[in-house]
Amino acid sequence: MNKNTYDLKEITSKYRPIVTFKVKKSIGSHTPEWEDIVNEIMLNTIEKIKSGEFKGKSSVGTYIYTITRRRIVDYIRRKKRRAHKYIPESDPFPDPHEQIENKERAEMLAKKLEQLKPKYKKILYLYYYKDLSRKEVAQRLGISPRKVSERVHYAQKLLRKLIKK
Amino acid sequence: MKKCRYEDLIDDYLFNRLSQEKKKEFEEHFFNCPRCFEQIKEKNELISVIKDNADSIFKDMRIIEESKSNARDKILGFLSPKPLISAAVTAALVLIIVFAVIPNIIKGPPDFVVSDDGIRGGSITLISEAIPSEFRWENLGNDIEYKVFIYNDELLWEKNTQENTISLPDEIKTKMVPGKSYFWQVKAFSPEGTLISSSSKVQFTWRENN
């Protein structure tokens, strides 16, 4: 693939959400620095593609994943060093816009969850609230592990439908 | 649409049950698979909504559980007309409560994974890294009171807080020996003071300077 044919805008819009998810999962979504880190990773990627340093030996996704991983490890290492010098950290500043949007979505989802039949609630309770494994849930309910997956899957399908309504 | 072979790993990934190697493989995969990523996002949202709103979502399930135990009382009451037996029944009930109810409240030892992701486990997710001086865990909601414990061989320090983060006071820091292993743990209590959740004890090593 020719290195100059990448659509950088498309890459940004496609991968930014994935990078954001991974960064937040790794360093905690309450950590205020997550946004800066995501910005850095995206900028870094674009630069490397522009300069031709990315030669297309791996897929763009894998390339960005490698950059993301490295940046997170680096952040955690630096943070440890900082933590030992007891430098106070800045206060979290959640993005109010994103917060409201997420909150509304979450509230709606919570309401729909309440409307589910006990059969589905029970499985979501054990599997997602109690963090039990598929096998443990299966044992508790006296059904097969396969059935557990199917039921969870179906509950999600129902939720999707309820939300669309 | 054909199912992706990685789809079955999504839950284990979100609950940090994958080995370091498998996790890396899976992450590399979803960086390349929009379909899996969509599902991860959806499930992740579902899990956090369930965790944050469990009281309202599962309120009728508690009623189910309660009515079950009422039925049990009635059966036992029917079997025990005499006072002596009723004492035995009371003891049995206590045992039922101890064995049937408490294991539901206190989670068993969760699997903790120490990785570049920090430490997670239990239904309280500990967010701080392996060698923290500030401890952080996932917020379980408003009005929750947390109790943080630091142990070496015995309890070294405990502190209540409503925040989801805490720093060690200097007098405790000076008590800690560099290179030695310690454990930390967080328990969550409802406003009424009932234990809602408990993380497992997670090991860390104290280093004064890097």
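Which residue in β9(B) is the bridge partner of B:S181? The partner is B:T205.

This is a predicted model, in which local features need pLDDT of at least 70 and side-chain atom pairs count only at pLDDT 80 or more, while totals for chains, interfaces and linings use all residues. Residues are numbered from 1 along each chain as its sequence is written, and chains are lettered from A and ligands numbered from 1 in the order in which they are written.

Strand β7 of chain B (residues 181-189) pairs with strand β4 (residues 145-151) of chain B through seven bridges, the two running antiparallel. Strands are DSSP runs of E with at least two residues, helices are runs of H or I with at least four, and both are numbered from the N terminus; two strands pair if DSSP finds at least two bridges between them.

Three antiparallel bridges link β7(B) to β8(B) (residues 195-198), where B:S198 stands opposite B:K187. These two strands form a hairpin with five residues between them, and B:G193 in the turn has a positive phi of about 95°.

Between the chains, helix α5 of chain A (residues 118-129) meets helix α3 of chain B (residues 34-52): their axes come within 10 Å and cross at roughly 100°. Axes are lines fitted to C-alpha atoms over the stretch in contact, with angles from 0 to 180 degrees between N-to-C directions. α5(A) is therefore roughly perpendicular to α3(B), the term for 65 to 115 degrees. A:L124, A:Y128 and A:Y129 contact B:L46, B:I47, B:I50 and B:K51, contact being C-beta atoms, placed from the backbone, within 7 Å.

Methods. Angles under 35 degrees count as roughly parallel, over 145 as roughly antiparallel, 65 to 115 as roughly perpendicular and the rest as oblique. Two residues are in contact if their C-beta atoms, placed from the backbone, lie within 7 Å.
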